[in-house]
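User: I am new to this structure and would like a short tour. Please show it, then take my questions one by one.

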Amino acid sequence: MHYEAVKTDFFTRKAAVLMALMAAGGFAFLARFGLGLGETTNLSNNYPWGLWIVFDLVWIALAGGAFVTAGIVYIFMGEDFHRLARPAVWMGFLSYSFVVVTLLADLGLPWHFWQLGIQRPEHSAMYEVSWCVSLYVTILGLEFAPTVFERFGWDKLKDLWRAWSPVYTVIALALFTYLMSHKIWMAALSLVLFAIITFLTRDSGKHSGVPVILIIAAVTFSTMHQSSLGSLFLLMPDKLSHLWWSPLMSLLFFLSAVASGIALVMLMDMLVSYFFDRPFNWAMLGKMGKILWAALAIYYGIKIVDLGARGELGLALVGSNGVLFLIEVIGGGLIPLILLSTQKLRSNKNLLVPGTVLALLGVIFNRLNTVLLGMTLPGTQPGGLVGTYHPSMVEWTLAISLISAAFFFFALGVKFLPILPKVEETN
Amino acid sequence: MSLAVMIDTTKCIGCRSCQVACKQWNGLPAEVTELEGRSTGFQNPPALSAKTLTLVSFREIADQAAPSGLKMVFAKRQCMHCQDPACASACPVTALHKTKEGPVTYDSAKCMGCRYCIWACPFGVPTADWDSLAPKIHKCTMCFNRVEQAETPKTLNDQPLLPEAQERFLAGAAKPACVKACTTGALRFGERDQLLAEARQRIGSAPGKYVPHIYGEKEVGGTSVLYLSSVPFEKLGFRTDLGERSYPGYSKIPLEIVSPAVMGMGGLLAAVYLIKRRKALVAGSAEPGKKE
């Protein structure tokens, strides 16, 4: 497959709007550090996590599109979807980078982040997520690197990358195994296993451009932190409604990230075609819609069976939590499952587009419910004064500006780097 | 060895000496508050905060035997020092730590300020100092390092301090500041097992005075603060829906399988790739990904 930078004006009116929003976000970021969290956000002891955490959880789930696409294309060899791989990885790299920016703003003492490198907590999901996301960002960077090398004709760097990125990847996987188990033998086993895999798949880089061990690491790291984001909430069985709290939350977070990731990549492809005035790829999107249907069916199937097995189905019929849950499951699950159920329906773009969007919104709503709406907060001891939470101007501004930044840099990459396939090859 | 505090709320008169002693020992500022017209009456301030690590909760409950038909019940509230604390399990940098002696301590030099501990605590205890540009977490540490920090004075009123007085001082410093300050003996500091035995003995010897429940014996896997009460604990405003299982137990399993899962997932993906490549070769198609 051959790629090209899209030749179009760099500075458009849309770019100007995005840059203005980014500038506003820059001020919000400065305000947060100049005036403090308490002054600039509406977070409190009762609502210690707010918009930014919802935003991070949503964005990480959507950015799951990067690992799902890479896995489909390079491991399951879904050649039909090859065109999605580079933009998906670029989208993922930007998403994770901006999530880290949000986290910097959200952490009270971000300059202590290096403590993650020297402390060894035993069963902290936050520690798992921190390490896993950090390592995954480096893998995403390595996955994307050849695009930059090609643009500037840095062949020597590309050779270096091809030779050494698998070595780095194997070490990263072994290091992660050690950090999560505290066991040297486990790390050694992991090192040996991934070295063997690298050896067995050593030709892959020459053929497809990306050594497959990078993709294996990308999918593995993603599986781990997507599920551990669910594990974060396992400590709150007393606060989170049991419509969402479940011992299987880790699995459900992973499965929903797969579904929303696919939906986001489909939407990304549609938006790229729309904004860059390129032909739409409805046939390919229809095929992806089939995968999305399967991902949704597995996710919502397990979700409902789990709810039934725990004997909590009745909760869906009572109270405001029941309403939220039904909106999530019917709007984000049932309707897309109907809209995307057959080949005929999927080939109708008037059904495919809403089906995709609804699938995406369902997972977004799930994260919102999990972090805020489905929580019953007891408040700080002795309790009784919980009140409500509305994100502040600074919280909204930073969140919106980072979404703007993601769109801006995504377009910038598409305009300057060989990310999209050449148009004549797109059918 | 596991230290604990027993709080016999039937002996508490709501004098708040413990609250003052805690502020004094930890060097915490006062809070500007106002009396609230709620059922909490004279309780002040309304909740724990970065400035108030312990407070006495006030509740008025209906009681026919009381002269006014209302009875005041008090309970000193602070960190429960769980046996298996959710906050310490949540903490990604071990800033919160369950010591083998019993107290759950906090080290601000490690803390990143993620506030997961505030979310995770089933008792609503850790708080952040939101006014600060570097919002650290604050909570009771059972005066973990009080003995080391206490400097025995050499003189008293310009007279050399007598050895007995020095011993008394050290004995006081060996207890948490709140326990030392308690005027009625409502607070007891000691070995958890012994305190539990004493609590059972108190309930057994005065039936009718206490509800037959030691709050903290089993809640969320047990805590290092134990409460006795004359009224059901929900009337004191305690959560009675927390269960007896320790919270970190829920997230332990998925986190323990992460390392094996990394290898399993990696192996599985490699197998899929190799099989797919083999199939592609057998099918006689071009080498996989050759399109590149």
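Analyst: Start with a term: two strands pair if DSSP finds at least two bridges between them. Keep in mind that this is a predicted model.

User: In what order do the strands of the open sheet of 3 strands in chain B run?

Analyst: The pairing in this open sheet is mixed. Its 3 strands belong to chain B, in the order S10-S1-S11.

User: Why is one side of S10(B) and of S11(B) left without a neighbour in the sheet?

Analyst: Strand S10 covers 187–191 of chain B, and strand S11 covers 225–228. Each has a single partner strand, so one side of each has no neighbour in the sheet. Both strands stand at the edges.

User: How far are neighbouring strands of this sheet turned against each other on average?

Analyst: Direction is ignored here.

User: Now chain A. Are H7(A) and H10(A) roughly parallel or roughly antiparallel to each other?

Analyst: Helix H7 of chain A spans residues 155–181, and helix H10 of chain A spans residues 212–231. They pack with their axes 9 Å apart, at an angle of about 30°. Angles under 35 degrees count as roughly parallel. H7(A) and H10(A) are therefore roughly parallel.

User: How many residues of the contact of H7(A) with H10(A) are nonpolar?

Analyst: From H7(A) come Ser165(A), Pro166(A), Thr169(A), Val170(A), Ala172(A) and Leu173(A). They meet Ile213(A), Leu214(A), Ala217(A) and Thr220(A) in H10(A). No charged residue takes part; 3 are polar, and the nonpolar ones number 7.

User: Which element supplies the largest share of the side of chain B that touches chain A?

Analyst: The contact joins 67 residues of chain B to 68 residues of chain A. Several elements of chain B each supply at least two residues of its side, including helix H8 (248–256) and helix H9 (258–282). The largest share is 15 residues, and it comes from H9(B).

User: How many residues on that side of chain B are charged?

Analyst: The side of chain B that touches chain A has 41 nonpolar residues. Another 14 are polar, and the charged ones number 12.

User: What distance separates the centres of domain 1 and domain 2 of chain B?

Analyst: The domain assignment gives domain 1 of chain B as 3–83 + 142–248. Domain 2 is 257–282. Taken over C-alpha atoms, their centres are separated by 57 Å.

Note on methods. Residues are numbered from 1 along each chain as its sequence is written. Chains are lettered from A and ligands numbered from 1 in the order in which they are written. This is a predicted model: local features need pLDDT of at least 70, side-chain atom pairs count only at pLDDT 80 or more; totals for chains, interfaces and linings use all residues. Two residues are in contact if their C-beta atoms, placed from the backbone, lie within 7 Å. Helices (H or I, at least four residues) and strands (E, at least two) are DSSP runs, numbered from the N terminus. Ala, Val, Leu, Ile, Met, Phe, Trp, Tyr, Cys and Pro count as nonpolar, Asp, Glu, Lys and Arg as charged, and the others, Gly among them, as polar. Axes are lines fitted to C-alpha atoms, for helices over the stretch in contact, and angles run from 0 to 180 degrees between N-to-C directions. Angles under 35 degrees count as roughly parallel, over 145 as roughly antiparallel, 65 to 115 as roughly perpendicular and the rest as oblique. Domain bounds come from an automatic or database domain assignment.
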